[in-house]
Amino acid sequence: MDSVGILPPDALSRAVVEIEKHVSSAGWDQPAQLFALVPTEELLRAEPQLAAELGAEDASQPLTPVAQGELPGGLEDEHLADALGRIEWPDGVSGCALAIERVVLPASAEAGLSSAESDAELARMAGSDPRRHEVRMVAAVLREGDRFGAVRLRSHDEDSAVLTGADLVPTLCEVLSLTFEPSVDNRPGEGPGVDGMSDNEENRS
């Protein structure tokens with residue numbers, strides 16, 4: 001949409017930091033969570049009743065994250081791509097973000113997982129490896145292609161230790177970009193919208 005072009009350059013990174021702090025405030029072991037990113041000015045024009053609920057500080061945030069509900073927990077990336085690929089956002093959504101937890105192993109540890117005979121066994125082996133790191137990743141994309149991500153390690157669970165960058169979580173960003181690709185399986189009106197915008201304040205850290 002045209003309004004994306006007038007967003008400040010740091011709009012997406014600010015939204016990612018806000019979402020990461022919001023999700024982290026609820027602790028660990030959460031299911032994947034999806035957010036629509038809506039230009040705040042457009043949101044206030046389309047939903048004037050929100051003006052009273054949004055303070056000046058909130059209105060100064062260029063993009064407002066709108067929670068779309070939880071996604072099923074434990075989804076592997078290939079299944080997540082299938083699920084996200086069926087989403088079609090309405091025109092009023094300028095971007096989207098996904099917060100998801102994963103167990104990450106160093107490359108030296110991954111070789112030992114090749115003997116796993118099922119996803120369940122793979123998850124058990126990875127979860128019991130002392131070299132594992134539990135991480136929360138937040139990936140976000142704009143409809144026009146901008147990307148940004150954040151990563152928090154459970155072993156270093158402080159805001160000051162959160163890593164951020166445009167190329168930090170490229171795979172998740174690539175998967176999220178699928179939600180802005182036209183799909184023959186989608187019919188108009190399907191997929192998450194921006195219902196529940198009155199819950200916006202719950203998305204603010």
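These legends describe close-up views of a predicted model. Residues are numbered from 1 along each chain as its sequence is written, and side-chain values use heavy atoms, with hydrogens and water left out. Local features need pLDDT of at least 70, side-chain atom pairs count only at pLDDT 80 or more, and totals for chains, interfaces and linings use all residues.

View A. Helices (H or I, at least four residues) and strands (E, at least two) are DSSP runs, numbered from the N terminus. Strand S4 (residues 133–142) has eight of its 10 residues buried, so the rest of the structure largely encloses it. Buried means under 20% relative accessible area, exposed over 50%, partly exposed in between (1.4 Å probe, protein chains only). S4 pairs with S3 (residues 95–104) in the antiparallel sense over 10 bridges; two strands pair if DSSP finds at least two bridges between them. Gly 95 has Leu 142 as its bridge partner in S4.

**View B. The hairpin of S4 and S5.** S4 and S5 (residues 147–153) run antiparallel and are joined by seven bridges. Val 141 stands opposite Arg 147 in S5. Four residues lie between the strands, and Gly 145 takes a positive phi near 120°.

**View C. Salt bridge between Arg 136 and Glu 101.** A salt bridge is a side-chain nitrogen of Lys or Arg within 4 Å of a carboxyl oxygen of Asp or Glu. The two side chains meet at 3.4 Å, N to O. Arg 136 lies in strand S4 and Glu 101 in strand S3, so the pair ties together parts 35 residues apart in sequence. Both residues are buried.
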